[in-house]
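Trainee: Could you take me closely through the charged pairs and their surroundings in this model, with the terms spelled out as you go?

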Amino acid sequence: MAQGILEEVLMNTALVEDLAEVAKDEALLQGVVMRTRETPNSSELVTYAPLTLFPTSVPKAVFLQALAVQTHYNTLVDRISQDSDFLKEALASTIEVDDFTARLFRIYQQILKEGRSQSIVLGLNRSDYMLDQRDDGTSSLKQIEINTIAACFGGLSSRTPDVHRHVLKVAGRLEESQHILDNNPAAGLAQGIAKAWELYGSERAVIVFLVEENPEIFDHRYVEKELWKRNIRSIRRRFDDVSRTGSLDQDKRLFIDGLEVAVVYFRTGFMPQNYTTEQSWDVRLMMECSRAVKCPDISTHLAGTKKVQQVLARPGVLEKFFPDQPQAVELIRATFAGLYTLDMGPEGDKTVAMALAEPDRFVLKPQREGGGNNIYGSEICQVLEAVKDSTERTAYILMDKIHPAPVHNYLLRRDAPLKMSTCLSELGVFGAYVRRGEDMVMNECVGHLLRTKSSEHSDGGVAAGVAVLDNPLLI
């Protein structure tokens with residue numbers, strides 16, 4: 001917690017050991033749990049999800065800035081998804097060299113050709129930031145990426161505030177415990193899904209969570225539970241399940257196991273390895289062609305690519321999407337880090353030279369989600385030296401490296417020794433929107449997520465086994 005917890009608490013070994021046991025038990029009591037690595041497909045054995053012992057101090061003004069800009073990001077993603085000319089131009093070089101993005105784009109082209117079967121659009125996204133430390137000691141909010149598919153930990157982060165409140169109370173920090181914010185992204189994400197289900201217009205229809213088996217099932221369950229509170233039925237299916245029992249009727253209604261599907265909520269499908277067979281791609285296409293509401297649909301999925309993020313940072317591009325909203329442009333642009341093209345030509349050549357000269361200033365980002373994919377330091381030189389004269393370089397973008405202020409905390413993980421770590425944190429903000437035709441019927445910021453990792457790790461999230469769950473303590 002750095003400023004929020006006195007040094008005497010962090011340095012009191014006996015107290016920290018007691019509080020670690022308290023935190024683990026409270027996490028289990030509050031349902032901040034996950035399946036074990038040994039049994040990822042069974043809930044017979046569960047453990048606490050990795051988390052910090054103490055919440056992390058976050059400047060209040062920067063935190064509120066992240067919340068305030070989220071509805072504009074929702075609008076931006078939605079408008080990009082409707083602009084086929086922009087997506088075609090932005091991704092033209094990428095789809096020449098990146099097979100995964102190209103496969104997605106071919107589905108997109110087929111949908112454009114055949115026409116959309118559903119006018120209802122559901123977007124559940126998470127915009128991720130780090131706080132860049134300025135020379136004067138203040139912090140600047142800089143976006144790392146926006147996740148438009150399978151944005152995770154909205155469920156577990158709804159339960160972590162009570163864990164840290166309890167730890168602070170036991171530590172004798174009652175006042176600080178009262179400053180832990182309420183947070184319930186699960187309810188907000190479910191509200192978006194429920195609104196799309198309602199607009200679909202069939203009480204018998206179900207929500208399908210498209211999943212792969214993983215230890216984070218309880219993160220999904222919290223959203224499912226919120227849907228059940230509204231008496232909306234949800235089922236969990238994998239690509240191969242839908243391949244066996246999924247079909248479209250003559251009206252393009254999607255049926256799985258004989259159940260009509262109102263909404264397909266993708267919690268997988270964002271990495272090449274999620275599509276294990278050609279049948280997986282056939283399933284994706286079938287769902288995109290259907291009348292079911294997709295979260296995300298294929299155009300919204302493409303709107304979240306790293307290449308689109310880089311193109312948006314070009315002068316005049318945001319103004320295209322917000323022609324009469326200079327304040328929205330200003331709020332969004334203020335969160336941009338430096339982003340640079342690696343397309344073939346003088347501008348891309350300049351980017352390559354800049355990265356090779358000072359690799360520690362940058363992050364090299366491929367068109368991948370899921371954490372652990374970015375390239376840093378000397379590895380940037382290795383990759384760029386190999387592809388600098390080839391179109392292969394256009395599969396990446398270059399971004400300024402963000403430098404958050406390190407803090408000290410304890411990272412609690414099953415079977416890991418208890419030790420103080422120097423940590424860096426990443427703030428995520430969840431957005432939910434629903435549009436029917438031209439009418440935006442819901443556009444909200446629905447919660448936040450703080451993840452913290454040891455500074456020795458350059459990349460990777462909670463699911464990748466690097467970061468842990470945290471809470472902001474506003475200062």
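Mentor: Buried means under 20% relative accessible area, exposed over 50%, and partly exposed in between (1.4 Å probe, protein chains only). This is a predicted model, in which local features need pLDDT of at least 70 and side-chain atom pairs count only at pLDDT 80 or more, whereas totals for chains, interfaces and linings use all residues. Residues are numbered from 1 along each chain as its sequence is written, and side-chain values use heavy atoms, with hydrogens and water left out.

With the burial scale in hand, Thr-341 is buried, at a relative accessible area of 2%. Thr-341 lies in the loop between β13 (339-340) and α17 (346-357), where helices (H or I, at least four residues) and strands (E, at least two) are DSSP runs numbered from the N terminus. The side chain of Thr-341 makes a polar contact with the side chain of Lys-307 at 3.1 Å; a polar contact is a pair of N or O atoms within 3.5 Å, and within protein one must be able to donate a hydrogen and the other to accept it, while residues adjacent in sequence count only if both atoms are side-chain atoms. When neighbours within four places in sequence are left aside, Thr-341 is in contact with Lys-307, Gln-310, Arg-314, Glu-347, Gly-348 and Thr-351, contact meaning heavy atoms within 4.5 Å.

Now to the charged pairs themselves. Side chains of opposite charge can pair when their charged atoms come close. A salt bridge is a side-chain nitrogen of Lys or Arg within 4 Å of a carboxyl oxygen of Asp or Glu, and a search of the whole structure finds 33 salt bridges. One of them joins Arg-451 to Asp-128, with the closest N and O atoms 3.1 Å apart. That pair links distant parts of the chain, since Arg-451 belongs to strand β19 (residues 439-454) and Asp-128 to strand β5 (residues 120-133), 323 residues apart. Arg-451 counts as buried at 8% relative accessibility, and Asp-128 is buried as well, with a relative accessible area of 0%.

Arg-165 and Asp-182 form another salt bridge, their closest N and O atoms being 2.6 Å apart. Here too the pair links distant parts of the chain, with Arg-165 in helix α7 (residues 160-170) and Asp-182 in the loop between α8 (174-177) and α9 (185-200), 17 residues apart. Arg-165 counts as buried at 17% relative accessibility, whereas Asp-182 is exposed, with a relative accessible area of 67%.

Glu-226 and Lys-229 meet through their side chains in a salt bridge of 3.2 Å, N to O. These two residues are three residues apart in helix α10 (residues 217-229), and therefore are separated by about one helical turn. Glu-226 counts as buried at 12% relative accessibility, while Lys-229 counts as exposed at 57%. Salt bridges that share partners, moreover, join Arg-126, Asp-128, Glu-426 and Arg-451 into one network.

Finally, consider Pro-185, which is found in helix α9 and counts as buried at 0% relative accessibility. Pro-185 and Phe-430 are 245 residues apart in sequence and 6.8 Å apart in space, C-alpha to C-alpha. With neighbours within four places in sequence left aside, the contacts of Pro-185 are Gly-154, Ser-157, Ser-158, Phe-430, Val-446, Gly-447 and His-448.
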